[in-house]
Amino acid sequence: MKSTYQTQQRKILISFLVDSHDRQLTIEEIMEGLKDEGRNVPQSSVYRLMKKLVDEGVVRRHAKEDSRQYVYQIIESEECHSHLHLQCTECGKLVHLSHEATSEARQWMQGATGFELNQEKTFLYGTCKECKKNK
């Protein structure tokens, strides 16, 4: 793996993303979160760094549901590519489905429909336990 120069802004951004690992965030939400933490990173730097982090495979980028915006999430490990993700439509929380459950879902779908699921690009949307309890 190629060595990457770690600027202070890059370290701040990665630290924030690690702390928010269970959420997918827009650039605006990232900027707001950094501001709330008292960290001053120019928006142009965030855009530039996010593009680099996506290109390097450190961050995943997806089109936001029902929107033209993108959301970003740090990839916690190589295993993050090999399971399904559940996302709460209320609070944005992201849940990583176990490998066993992902495998069962893929096998069922393949057998029932012949459809080959790409779990790296698949998110299942619904309401998390906490939000459901608060309704």
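**Figure 1. Overview of the predicted chain.** The accessible surface of the chain comes to about 8,900 Å², and 49% of this area belongs to carbon and sulfur atoms; accessible areas were computed by the Shrake-Rupley method with a 1.4 Å probe, and for residues only the protein chains shown count as cover. This is a predicted model, in which local features need pLDDT of at least 70 and side-chain atom pairs count only at pLDDT 80 or more, while totals for chains, interfaces and linings use all residues. Residues are numbered from 1 along each chain as its sequence is written, and side-chain values use heavy atoms, with hydrogens and water left out. The chain contains 5 helices and 5 strands, which follow the pattern α-α-α-β-β-β-β-α-β-α along the sequence. Helices (H or I, at least four residues) and strands (E, at least two) are DSSP runs, numbered from the N terminus. Of the 135 residues in the chain, 32% are buried; buried means under 20% relative accessible area, exposed over 50%, and partly exposed in between (1.4 Å probe, protein chains only). Among contacts with a separation of 6 or more, 50% involve residues 24 or more positions apart, a contact being heavy atoms within 4.5 Å.

**Figure 2. The largest nonpolar core.** This core has 17 residues, of which Leu13, Leu17, Ile30, Leu34, Val46 and Met50 touch the most other members. Two or more residues each come from helix H1 (8-19), helix H2 (27-36), helix H3 (43-55) and strand E2 (70-74). A nonpolar core is a set of buried Ala, Val, Leu, Ile, Met, Phe, Trp, Tyr and Cys residues joined through side-chain atoms within 4.5 Å. Leucine 13 touches Ile30, Leu34, Val46, Leu49, Met50 and Leu53, not counting residues up to four places away in sequence.

**Figure 3. The open sheet of strands E4, E3 and E5.** The 3 strands lie in the order E4-E3-E5, and their pairing is mixed. Strand E4 (94-96) and strand E5 (123-126) stand at the edges with a single partner strand each, so one side of each has no neighbour in the sheet. From one strand to the next, the twist averages 25°; axes are lines fitted to C-alpha atoms, for helices over the stretch in contact, and angles run from 0 to 180 degrees between N-to-C directions. Strand E3 (residues 85-88) runs parallel to E5 and is joined to E5 by 4 bridges, with leucine 86 opposite leucine 124 in E5. Two strands pair if DSSP finds at least two bridges between them.

**Figure 4. The salt bridge between arginine 10 and glutamate 56****.** The two side chains meet at 2.7 Å, N to O. A salt bridge is a side-chain nitrogen of Lys or Arg within 4 Å of a carboxyl oxygen of Asp or Glu, and the whole structure holds 5. Arginine 10 belongs to helix H1 and glutamate 56 to the loop between H3 and strand E1 (59-63), so the pair ties together parts 46 residues apart in sequence. Arginine 10 is buried at 5% relative accessibility, whereas glutamate 56 is partly exposed at 33%.

**Figure 5. Two further salt bridges****.** Lysine 51 and aspartate 55 meet through their side chains at 2.9 Å, N to O. Both lie in helix H3, 4 residues apart, and are thus separated by about one helical turn. Lysine 51 is exposed, at 54% relative accessibility, and aspartate 55 is exposed with a relative accessible area of 56%. The side chains of glutamate 37 and arginine 39 meet at 3.5 Å, N to O. Glutamate 37 is partly exposed at 40% relative accessible area, and arginine 39 is partly exposed at 34%.
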